[in-house]
Amino acid sequence: MKLIKKIIFIIIFLHLNTNAFAFTDPNHVDDFDISGVETISTSVKFSSDGKTMFIIGVNSDTLRQFSLSTPFDLSSSPTLVNSLDISSIQDAAQDIEFNSDGTVLFIIGREAGNRGIDRWDLNTPYDIGGITVGDATREPLSGDLRGFKFSNNGKKLFTITQTSSTVGTVTEYTLTTAYDLDTLNETNTLTTTFSVGGRRQGINFSSDGYKLFITNSAIDAANPVAARNVIREFSLKTPFNISNAINNGDFQPSYTAKFRITGLTFNNDGSKMFHTDFSNSTVNEYILSCGFGVKTCTDPTNDKDDVASIEAQSESAKKLIQHTTYPVINRMQWLRRNNSSGNLTNQNIKIQFNNEILNSLSKTLLPVYLSNYNSSNTDNENSSWSLWSEGTISVGRIGDTSVSSSKNINTSAITLGADKRGKDNIMRGIALRFGSDDVDVGDLGSALNMNTFGLTFYETKPKGEERFTDHLLGLSFINSDLINNSGSTSTNGERSGEQIYGSFSLRDTLSKNNLNFTPKIKIDYGVTHFAEYTETGAAGLNLKFKDQYIGNFITSVGANIDKKFDLKNKSFLPFFDFNYSADMSPSTRQKFSYTSSGDKYTLDNINNATHSVHTGIGFDLITDSGFNLMTKYTRDQSTGGSYNDNFVIAGDYRASYNSSYTLSVHETSTEVSFKSKHNNLNFDVTSNLDFFAEDPEYGIYLKLYTLN
């Protein structure tokens, strides 16, 4: 009870934090004069590594390629290396785009009769040298085209067209095949109105697609006043979906009195912004206080991938307690079902699914590892240590919500344990768990890889003839590697953590004619501490996360029924489990901030309480010939429609005290092993074969070892 009070105390007194904003306007730091080659520039783009820059304009309708010694840095004296004159097919080139790997070039034009997008295949990524103008293929488009942009996966295209001096239109298209303009289908439009006259000249997005940017350029070439040149920022509720755009306001540059903004682009992490100047024949470079922060810093609590990544850490911490305690609880239940057995060594391999597509695999047999035999008799005074193990593979998916992306979860672990019955008839033991959780978040490549080591002490104690109490207490150490991918760039983090957990259950068995009915109650509790950490890899997007405490408190009631049938030379024991659980864990919160601007955020109400029903059915088969078999199928059904299925099977055959054989099948693979013991020398031979594969994998393993 003292531990539970400490957990509740920690959760209640986590202090609140309010948002504090330190946003500053983009800071102009440099410009690059291109008047010697292009006097009316309309667009600037970079290669993915920032070492190649492309500029195009309507004066010469020529695309020019520059090399930079320092990525995304105009002060590194860009050098002209290639030019492509497209005046023979376009008379007013406006904007440039590449596919995701730089092997396809697109240029959009607006002159009547030539309106559309031209495409070229490049021999070398981001290198226009050697391509022929006449090799272009064209996709005609209507309207006064000024700019265009693809989504990260090339499945969406956005164009900006001039409607009037104060109105422009963004059109959203879907593409059946990525970057294939023959598969265009218009889906949405966004009308943009500016109080000042101008042209809607440039369009771009943040790397994660949650922000849209449009430039407004002054019309009057003789008097290009700054007031008519702005960059408008929109927030999108869904990435690359303009149907829900929210106007965040306009940024008006002030680096010179007269200029005309045209094309707009960013470096990968959004810490830098670049735009072309139609009047001054320059490319201009800005430093942003946070990633893609033209008017505001992106609120990570509105980013579904960021929210899902934070949720995944909390969910994994709570699941870790379950995954760590379940094997120990299974062991204690197995001991009570087989308390008269002379051999208390058992080995289990478990596979779990909470993905409907994978449910059909729940009948798959998995390899069983048989540890060394340790005899254990019912004489308490002479009882020796019994060894056991349980392996777990868990595959699951949590669907997306209105605020969080989907999460695909893969867990694998092995638990090794040993226990011994004492003179007081109390079975005490210790278990070690080594686990790995891999969680894929969203569709951009964000991920959580969590490695854990747990140590659990447990005991099952009789309280009379048929009443037992089970206790366990343990500690886990956690190390997580995190990837937060925003599309064109990603941040990385490493986070450590510690977890203390416990469980208490009371069972009282009512028996009649070998039929046992066992009602039970159980309380699981624990607390996880994650240390603070700071992301690296993207200066404008790096976040710093504060310490986080995650409480866990689950109560459950249920019962199991089993009946033992003594047959000739064997015992058969079928059983059925039922449990109802109420997760009363307090919600947790995560505080974090941008390392660049210091803007602070808090994500509240992570992991609300849930209710679940657990059912299980299986049997134990123990024979005098040395063959033992245990199977169990369970389902955990939770509120919200989520569920988790698992199937356990274990078996071994012992020819004698000194030798054993194991046969197992997993999908198309078979494994046969022979183990023999001679005094302290142990001899193991294992062979496996994938017999249905066209090019079968096979192996033979020999192992010699001694035990003192």
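Me: Why is the link between the side chains of threonine 528 and glutamine 499 called a polar contact?

Reply: The model is predicted, local features need pLDDT of at least 70, side-chain atom pairs count only at pLDDT 80 or more, and totals for chains, interfaces and linings use all residues. Residues are numbered from 1 along each chain as its sequence is written, and side-chain values use heavy atoms, with hydrogens and water left out. The two side chains are joined at 2.7 Å. A polar contact is a pair of N or O atoms within 3.5 Å; within protein, one must be able to donate a hydrogen and the other to accept it, and residues adjacent in sequence count only if both atoms are side-chain atoms. The value of 2.7 Å therefore falls within the limit.

Me: Is threonine 528 buried or exposed, and how do you know that?

Reply: Buried means under 20% relative accessible area, exposed over 50%, and partly exposed in between (1.4 Å probe, protein chains only). Threonine 528 has 2%, so the residue is buried. Threonine 528 belongs to strand S29, residues 515-530. Strands (E, at least two residues) and helices (H or I, at least four) are DSSP runs, numbered from the N terminus. With neighbours within four places in sequence left aside, the contacts of threonine 528 (heavy atoms within 4.5 Å) include Ala317, Ile478 and Tyr549.

Me: What makes the pair cysteine 290 and cysteine 297 a disulfide?

Reply: Their S to S distance is 2.0 Å, and a disulfide is a pair of cysteine sulfur atoms within 2.5 Å. This rule gives a count of one disulfide.

Me: What makes S10 and S13 edge strands of their open sheet?

Reply: The sheet has four strands in the order S10-S11-S12-S13, with antiparallel pairing. Strand S10 (144-150) and strand S13 (184-193) each have a single partner strand, so one side of each lacks a neighbour in the sheet. From one strand to the next, the twist averages 20°; axes here are lines fitted to C-alpha atoms (for helices over the stretch in contact), and angles run from 0 to 180 degrees between N-to-C directions.

Me: Why is asparagine 425 called partly exposed?

Reply: Its relative accessibility is 29%, so asparagine 425 counts as partly exposed. Asparagine 425 sits in the loop between strand S23 (407-421) and strand S24 (427-441), and its phi is positive, about 65°.

Notes:
Two strands pair if DSSP finds at least two bridges between them.
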